[in-house]
Amino acid sequence: MADFSVSDCAHMAQALHLAERGLYTAHPNPMVGCVLVRDDEVIGEGWHEAAGKPHAEVNALSAAGDKASGAIAYVTLEPCSHHGKTPPCTEALIAAGVAEVVVGLEDPNPKVNGQGLEALVKAGIKTRVGLMRGEVTTLLSGFLSRLTRGRPFVRLKMACSIDGCIAMASGESQWITGPEARADVQRLRARSGAILTGIGTVLADDPSFTVRDAALDTHGRQPVRVVLDNGLRMPLSAEMLALPGDTLIYCIDDEKRQPLVDAGAEVIKVDAVDDLVSAAAVLGDLAYRDVNDVLVEAGPTLAGNLISNNLVDELVIYQAPHIMGSETLGMFRTPTWTELSDRMALAITDLRQVGTDTRITARLTG
């Protein structure tokens, strides 16, 4: 295992901070940061801003200029070694004459996957790998999920009262949480490649599922809108069909597809599981379309289906400080759980106040 100093950690932490600047814009590429250091002085910094634009290493080298010769490059993800929309970063690092490259995480992309490190070593450049591996893995959870599991990272967002209710029996639910929580959801949308819901939510609320906060610079990119609609009940008057961006409708019976296609949607027929659209098949198709992160904004049936089938990686629950009573809808409709042993364990990873509401972030552990 490579040895890392306190100084190494500080520089990689800065590279991670730089990488995070691509949170809303780098998709579907990974967020990457790079810091160039020579004689204990930072001489160049860079991050990957958007697909098709220069990578983090190239931006850092450009900032450093001739000073890059003999420098140490701290890069959160293994430098690419293939020609894509931009030239290989390994070639740029070699040409600049850097002496060493410290990498946080190997790139699982088959086009890279160790080949970047190998190219650097062959050029006589020292490499060390694994610095702050856990932090980089967390930052790139969506990108890594798509490449290693064949499906995006799934984040399920719910808004509820303190007694776990998401709507009154009539379906009334706007607004359970306050404006600060709703603004926070805009940030979740902006970082997501797709927003997934069920046809029930579309029929009840006619949502747009867009990023509306102008302060969140997504370079004009809107998440793909994804609707699970078994029998194509999607109304042609649906708000999302009139908006810019892509709307994907997944069904098990596409007999009524043409009017929706004419309205601008893409209709995809997939396998059924228990007479419902296979959520696993949908996620697999979204990964094929280079979607890294999916935000689920749905009702209790779809939320429960995803939870029960172990297709949720993270829960983000906004809990409002009020009681809605017994004549309400709960967060999840699941198969009958009759014993305490049936319950699903969660590990809370973050707990904070957002306005008057509490935001709970948790991972499923069972």
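1. Helices (H or I, at least four residues) and strands (E, at least two) are taken here as DSSP runs, numbered from the N terminus. The model is a predicted one, in which local features need pLDDT of at least 70 and side-chain atom pairs count only at pLDDT 80 or more, while totals for chains, interfaces and linings use all residues. Residues are numbered from 1 along each chain as its sequence is written, and side-chain values use heavy atoms, with hydrogens and water left out.

2. The largest cavity has a volume of about 140 Å³, and it is one of two cavities of 30 Å³ or more that the structure holds. A cavity is, on a 1 Å grid over the protein atoms alone, a set of points where a 1.4 Å probe fits but cannot get out, and lining residues have an atom within 4 Å of a point. Grid points are joined across faces, edges and corners, and a volume is the space filled by probe spheres set on the points.

3. Of the 15 residues that line the largest cavity, Met31, Leu139, Arg191, Asn292 and Asp293 lie nearest its centre. Helix H6 (residues 141-149) supplies the largest share of this lining, three residues. By class, the lining of the largest cavity divides into seven nonpolar, six polar and two charged residues, where Ala, Val, Leu, Ile, Met, Phe, Trp, Tyr, Cys and Pro count as nonpolar, Asp, Glu, Lys and Arg as charged, and the others, Gly among them, as polar.

4. The second largest cavity, with a volume of about 40 Å³, is lined by Leu196, Leu228, Ala279, Val282, Leu283, Val296 and Leu306. Its lining divides into seven nonpolar, no polar and no charged residues, and helix H10 (residues 279-288) gives the most to it, with three residues.

5. Strand S14 (residues 293-297) is mostly covered, five of its five residues being buried (under 20% relative accessible area, with exposed over 50% and partly exposed in between, for a 1.4 Å probe and protein chains only). Asp293, Leu295 and Glu297 point one way from S14, whereas Val294 and Val296 point the other way. Strand S6 (residues 153-161) runs parallel to S14 and is joined to it by five bridges, with Lys157 opposite Glu297; two strands pair if DSSP finds at least two bridges between them. Strand S8 (residues 194-198) also pairs with S14 in the parallel sense, over three bridges, and Ile195 has Leu295 as its bridge partner.

6. An open sheet of five strands has the order S2-S1-S3-S4-S5, with mixed pairing. Strand S2 (41-47) and strand S5 (126-129) stand at the edges with a single partner strand each, so one side of each is left without a neighbour in the sheet. The twist averages 15° from one strand to the next, angles running from 0 to 180 degrees between N-to-C directions of axes fitted to C-alpha atoms, for helices over the stretch in contact. Strand S1 (residues 33-38) and strand S3 (residues 72-77) run antiparallel and are joined by four bridges, and Val37 has Ile72 in S3 as its bridge partner.

7. Val354 lies in strand S17 (residues 346-354) and is buried, with a relative accessible area of 9%. Not counting residues up to four places away in sequence, Val354 touches Glu180, Ala181, Asp184 and Arg359, contact meaning heavy atoms within 4.5 Å.

Notes:
1 Å grid on protein atoms, 1.4 Å probe; cavity = no way out; pocket = protein on both sides within 12 Å on 5 of 7 lines; lining within 4 Å.
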